[in-house]
Amino acid sequence: MPKVKFINTGALAEIPLGGALKDPVKDNGWPIAFGCEDGVCGTCVIRVPTGFGDLSPMEETEDQTLEMMCLKDGEHRLCCQCKVNGDVEIEGM
């Protein structure tokens, strides 16, 4: 199972292959806020310094939201939109 590391605290969690990234975040009480959970509000923006390519491809709504936030840089994602396909490190903003 892929591992997710929360850089802010050093905490680790395992997640099933293809599982939603928001699940271990919520289950472990990591301080990432969620608003709409539809990729529109941008509340759950995270930085992904390691494993960006091991997240599901970005869909149009998330892409547009990150572009409006000036965060479409290959390092930021919206946590609510990501599925995990390998080990990743995330940082809450």
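Phe6 sits in strand β1, which spans residues 3-6. The model is predicted. Phe6 has 0% relative accessibility, so this residue counts as buried. Its ring stacks with that of Trp30.

**Surroundings of Phe6**
- Leaving aside residues up to four places away in sequence, Phe6 touches Ala11, Trp30, Pro31, Ile32, Ile90 and Gly92.
- Pro31, one of these contacts, lies 25 residues from Phe6 along the chain.
- The C-alpha atoms of Phe6 and Pro31 are 9.8 Å apart.

**The aromatic pair**
- The count of aromatic pairs comes to 1.
- Phe6 and Trp30 form that pair, with 5.0 Å from centre to centre.
- Their ring planes are 5° apart, and planes under 30 degrees apart count as stacked, so the pair is stacked.
- Trp30 belongs to the loop between α1 (22-27) and β4 (45-50), while Phe6 is in strand β1, so the pair ties together parts 24 residues apart in sequence.
- Trp30 has 7% relative accessibility; buried means under 20%, so Trp30 counts as buried.

**Charges over rings**
- Lys26 places its charged end over the ring of Phe34.
- The distance from that charged end to the centre of the Phe34 ring is 5.1 Å.
- Arg77 lies over the face of Phe52.
- For Arg77, the distance to the Phe52 ring centre is 5.9 Å.

How values were computed: Residues numbered from 1 in each chain as written. Predicted model: local features only at pLDDT ≥ 70, side-chain atom pairs only at ≥ 80, totals over all residues. Heavy atoms only, no water. Helix = DSSP H or I, 4+ residues; strand = E, 2+ residues; numbered from the N terminus. Buried < 20%, exposed > 50% of the residue type's maximum accessible area, 1.4 Å probe, protein only. Contact = heavy atoms within 4.5 Å. Phe/Tyr/Trp six-rings, centres within 6.5 Å; stacked < 30°, edge-to-face > 60°. Lys NZ or Arg CZ within 6 Å of the ring centre and 35° of its normal.
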